[in-house]
Amino acid sequence: MPAPVSDQTIYDISHVIQLSVAPVFLLTSIGTILGVLSTRLARIVDRARALKELLETASEIRLAAIHDEMHTLARRRNLINLAITFGTTAALLVCVSIATVFLGAVMKASVAGAVASLFILAMAAFVAALVFFLREILLAVRSLHLA
C-alpha cells in the first residue's frame with residue numbers, strides 16, 4: 001500500500017508546478033515562432049518549385065534571373081533551417097529544464113544549477129533562432145525587386 005502523501009509534499013509539488021508556468025509560456029512563444037518559420041520555409045519551397053517549372057520554357061535572358069533567384073531562395077532556406085533547428089533546440093531544452101525541476105522535487109535533489117544551465121542554453125538557442133530569422137528576412141527584403 002502506498003504511503004500517504006503529506007501536506008508538505010503536496011505544497012512542494014504545487015510550488016514546482018507554479019515554477020513551471022513561466023517556461024510553459026516560453027514554450028508557447030517558441031512554438032509560435034516555429035509556426036512562422038515553417039510557413040516561411042513552405043513559401044520558399046513553393047517558390048523554388050514554381051521557378052523550376054519556369055526553367056523549362058524560359059528565354060535565355062530570363063534564365064539568369066531565375067538562377068539568381070533560386071540561389072537566393074537556397075540561402076534563405078538554409079537560414080530558415082538553422083532558425084528552425086535552434087528554435088526546436090530551445091523548446092527541447094525548456095522541456096528538459098521543466099522535467100529536471102520535477103525530478104528534483106520528487107527526488108528531493110538540488111537541481112538549481114542544472115535548471116539554470118538548461119534555461120540559459122535554451123535562451124541562447126532561442127536568440128540564435130531569432131537572429132537567423134532576422135537574417136532570412138533581411139535577405140528576402142534585399143532580394144525584392146519592386147520596380
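Predicted model: local features only at pLDDT ≥ 70, side-chain atom pairs only at ≥ 80, totals over all residues.
**Exercise 1. The surface and the overall build**

How much accessible surface does the protein chain have, and what share of it belongs to carbon and sulfur atoms?

*Solution.* Residues are numbered from 1 along each chain as its sequence is written, and side-chain values use heavy atoms, with hydrogens and water left out.

Step 1. The accessible surface of the protein chain is about 9800 Å², and 69% of this belongs to carbon and sulfur atoms. Such areas come from the Shrake-Rupley method with a 1.4 Å probe; for residues, only the protein chains shown count as cover.

Step 2. Helices (H or I, at least four residues) and strands (E, at least two) are DSSP runs, numbered from the N terminus. Read from the N terminus on, the order is α-α-α.

Step 3. Of the 147 residues in the protein chain, 27% are buried. Buried stands for under 20% relative accessible area, exposed for over 50%, and partly exposed for what lies in between (1.4 Å probe, protein chains only).

Step 4. Among contacts in the protein chain with a separation of 6 or more, 77% come from residues 24 or more positions apart. A contact here means heavy atoms within 4.5 Å.

**Exercise 2. Following helix α2**

How far does α2 reach from its first C-alpha to its last? Then look at Arg 77 and at what follows the helix.

*Solution.* Step 1. With 48 residues, α2 reaches 70 Å from its first C-alpha to its last, which is close to the 70 Å expected at 1.5 Å a residue. The expected span is 1.5 Å times one less than the number of residues in the helix.

Step 1. Arg 77 sits in helix α2, which covers residues 60–107. Arg 77 counts as partly exposed because its relative accessibility is 36%.

Step 2. Leaving out residues up to four places away in sequence, Arg 77 touches Leu 41 and Ile 44. The C-alpha atoms of Arg 77 and Arg 40 are 8.7 Å apart, although 37 residues separate the two along the chain.

Step 3. Just after α2 comes Lys 108, with a positive phi of about 55°.

**Exercise 3. Tracing the salt bridges**

Which residues are linked in a network of salt bridges?

*Solution.* Step 1. Start with the idea: side chains of opposite charge can pair when their charged atoms come close. A salt bridge is a side-chain nitrogen of Lys or Arg within 4 Å of a carboxyl oxygen of Asp or Glu.

Step 1. Arg 40 and Glu 136 form a salt bridge through their side chains, at 2.6 Å from N to O. This pair links distant parts of the chain, with Arg 40 in helix α1 (residues 7–55) and Glu 136 in helix α3 (residues 112–142), 96 residues apart.

Step 2. Arg 76 and Glu 136 also meet in a salt bridge, at 2.6 Å from N to O. Here Arg 76 belongs to helix α2 and Glu 136 to helix α3, 60 residues apart.

Step 3. Put together, Arg 40, Arg 76 and Glu 136 are linked in a network of salt bridges. Glu 136 is buried, at 0% relative accessibility, and Arg 76 is buried at 15%, whereas Arg 40 is partly exposed at 24%.

Step 4. A further salt bridge joins Glu 69 and Arg 47, whose closest N and O atoms are 2.7 Å apart. Glu 69 lies in helix α2 and Arg 47 in helix α1, so this pair ties together parts 22 residues apart in sequence. The count comes to three salt bridges.

**Exercise 4. The aromatic pair**

How many aromatic pairs does the structure hold?

*Solution.* Step 1. The structure holds one aromatic pair. Phe 86 and Phe 132 form this pair, which is stacked, with 5.7 Å centre to centre and 15° between the planes. Rings of Phe, Tyr and Trp (its six-membered ring) pair if their centres lie within 6.5 Å; planes under 30 degrees apart count as stacked, over 60 as edge-to-face and the rest as tilted.

Step 1. Phe 86 is in helix α2 and Phe 132 in helix α3, 46 residues apart. Phe 86 is partly exposed at 30% relative accessibility, while Phe 132 is buried at 16%.
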